[in-house]
Amino acid sequence: MDVEEFIPPPECPVFEPTWEEFADPLGYIAKIRPIAEKSGICKIRPPGDWQPPFAVEVDNFHFTPRVQRLNELEAETRVKLNYLDRIAKFWEIQGSSLKIPNIERKILDLYSLGKIVTEEGGYEAICKDRRWARVAQRLGYPSGKNIGSLLRSHYERIVYPFEMFHSGGNFMPTKPRQHYESEDKDKEYKPHSIPLRQSVQPSKTHTYGRRANRLKPDPEPTEEDIEKNPELKKLQIYGAGPKMMGLGLVPRDKAMRKKDELPQTVIVKDSISIKEEPLSPGGYDNADKDTLTDQHDAEVKSESPSQEPCTKMTMRLRRYHNSSQFVDSFVCRMCGRGDEDDKLLLCDSCDDNYHTFCLLPPLPETPKGDWRCPKCVAEECKKPAEAFGFEQATREYTLQSFGEMADAFKSDYFNMPVHMVPTELVEKEFWRLVSSIEEDVTVEYGADIHSKEFGSGFPVNDGKRVLTPEEEEYARSGWNLNVMPVLDQSVLSHINADISGMKVPWLYVGMVFSAFCWHIEDHWSYSINYLHWGEPKTWYGVPSFAAEHLEEVMNKLTPELFESQPDLLHQLVTIMNPNILMNHGVPVVRTNQCAGEFVITFPRAYHSGFNQGYNFAEAVNFCTADWLPAGRSCIEHYRRLRRYCVFSHEELTCKMAACAEKLDLSLAAAVHKEMFIMVQEERKLRKSLLDKGITEAEREAFELLPDDERQCDKCKTTCFLSALACYDCPERLVCLYHIDDLCHCPADRQYLRYRYTLDELPTMLHKLKVRAESYDTWASKVKIVLEPEEEKKRG
């Protein structure tokens, strides 16, 4: 039952460039790529005296972090917590609160119990073959302690009704289930106390402790409380529903049933206006047979001066009492009978009636609080859950106040000074916490803070202030994350828009345990992260060739999450223990990034990690010539997923082709290769339009249109080279891969919107070829001059 201790994955490659190598950032990354991309991520240590000054104006920097509950981040733990939410909701809307049993001093994993029972053939099959000991064994409990029968008892009480409900039970009468001795052991139980977790407010900073407390309302007083407390006994206002003054009822006999043991009608004269109304089930919690007798002599004489003064009681007025259907409304919806009315439950939501023994599974006793019938439970449980995401904290921080909170939390948590906590200990504790259902630790993370708004951590020559000569040098450096995306060899330099997070860096302020979840970069681009100062950041990486394998493993192990959020891995809200991934054959590497070090992630390499403590990092994307084929594959992948693009890959390629003479030579060669494939594909797609009988065409400057006006209606891709439109349906267009999904209008009403003709595209291609081969042409001429044959000497 113990969580296995985390085994750190192997280390990723670490590179230490010389000053000469460091002078050409993208050239150096291209040089190490053959080794580094096999790991997915790598670390680069700059030369020792490359130390850019921290340029953020600390006094003006303020941000609102995200709240992260650690055990909600981990995929498998979140599935279990979601299951507990659903099972708790199932019981709570029927008037019972979920209590989770403890077995062998550990909380019972109800999710795994339900899953194993299903895998073993179901409840009936296990009972028939007496295989509960095997269930206990599979859950990891020691043998020989009769834990199997205990598990059966807990399963029957808590999980079986829930599973029966979800399997669509027909609610036919069955014999009441037997009780087990273990059911009486209240000390075995621990309240679930997990409200719908996204509504929980984050802990206040000064109360961070070993566990974050969930907000719990004060519990309603129980009958035992009322018996013990004379003040409560006098008041007698408890239970659900409106509180009404005027009916003097004393606590009910313990042996009495909650419903309909009392007369159907109460008539109270003088002190209250007379109303002949049957009572709701909640109204009998504190009634006694001595107070209210049979219906015929239930009249309370007004001339009885010794009568106790009227106090309070919970009741609900029954409707339709003058209707001809009045009697019919008190029959069980399952068996159609109205007998055994002491076991007839009235739904607090729709007023339907059910015998306790007609429900499946039958209820052994009448619920004490509100109760809802199977139909109303089904309606409530069918409501879709909210998509999981991080909420924002309620407090805004400065760097100073966040640092004080972060350091106080870490030293309090580990009970030692922050700088003395070993990174290995933090790593093991992080993975233990994210897999724990019981421990609910909450942290905050200042993630994705826009550097445009608050200023980059690197010096920037933006004219806002005069830079020192040293700052000028760092402001021009290719390793400055504001400069790298727009270097000559970078593809993103040809996108005009400032794409936040891709071309413009984002800032990250971390505290211990704050995490970034498994993800790949938009458009499968490279990313580079620099840790300006503070405690290390721990990274995990998976190479691009294993990206689909990682997705398959996470999907297979937690299908429930992907059913509700198919694009879950694009939401950056889910992690999975690297050890679990490695056990399923996914190669994972790790590294600790210290202050002053870079971490590079390669195209389509999954990465995740967490912070060891208070720190400040900055990250941005970049794309080199070798990325172009990956970028095209990514667009095809997005098309299948119907995912929006950040920019148009075709537009970017054509833009570079249009200024071929200015391109870096290796980039020109890569763009030529990319453009050639694109032109071939475009020819084929436009031919399919002619085959369909679409002959009308109109030129369109797509780059002048907002992205949301040129997205394919079917796959959401951003159109550039061409799109199909309809004169009668002007609000829609589709890319040429989905010409059958535009509308049902005849072909003569549809027309092609194109950016370039099929004659213009080869011209652009030729310019790229000339530029890409310009070096080779020159080199071959030089070669002829330097290596002349005897009779072919040149001047």
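Colleague: What should I know about the model before we start?

Modeller: The model is predicted, with local features needing pLDDT of at least 70 and side-chain atom pairs counting only at pLDDT 80 or more, while totals for chains, interfaces and linings use all residues. Residues are numbered from 1 along each chain as its sequence is written, and side-chain values use heavy atoms, leaving out hydrogens and water.

Colleague: Why is α20 called oblique to α21?

Modeller: Helix α20 (residues 649-658) and helix α21 (residues 665-691) pack at an angle of about 125°, with axes 10 Å apart. That angle makes α20 oblique to α21, since angles under 35 degrees count as roughly parallel, over 145 as roughly antiparallel, 65 to 115 as roughly perpendicular and the rest as oblique.

Colleague: Which residues of α20 meet α21?

Modeller: In α20 they are His649, Glu650, Thr653, Cys654, Met656 and Ala657, which meet Leu667, Val671, Glu674, Met675 and Met678 in α21. Contact here means heavy atoms within 4.5 Å. The residues of this contact divide into seven nonpolar, two polar and two charged.

Colleague: What makes a residue of α13 buried, and which ones are?

Modeller: Buried means under 20% relative accessible area (1.4 Å probe, protein chains only). In α13 the buried residues are Val426, Glu427, Glu429, Phe430, Trp431, Leu433 and Val434. Across the protein, buried residues make up 50% of the 795 residues.

Terms used:
Axes are lines fitted to C-alpha atoms, for helices over the stretch in contact, and angles run from 0 to 180 degrees between N-to-C directions. Helices (H or I, at least four residues) and strands (E, at least two) are DSSP runs, numbered from the N terminus. Ala, Val, Leu, Ile, Met, Phe, Trp, Tyr, Cys and Pro count as nonpolar, Asp, Glu, Lys and Arg as charged, and the others, Gly among them, as polar.
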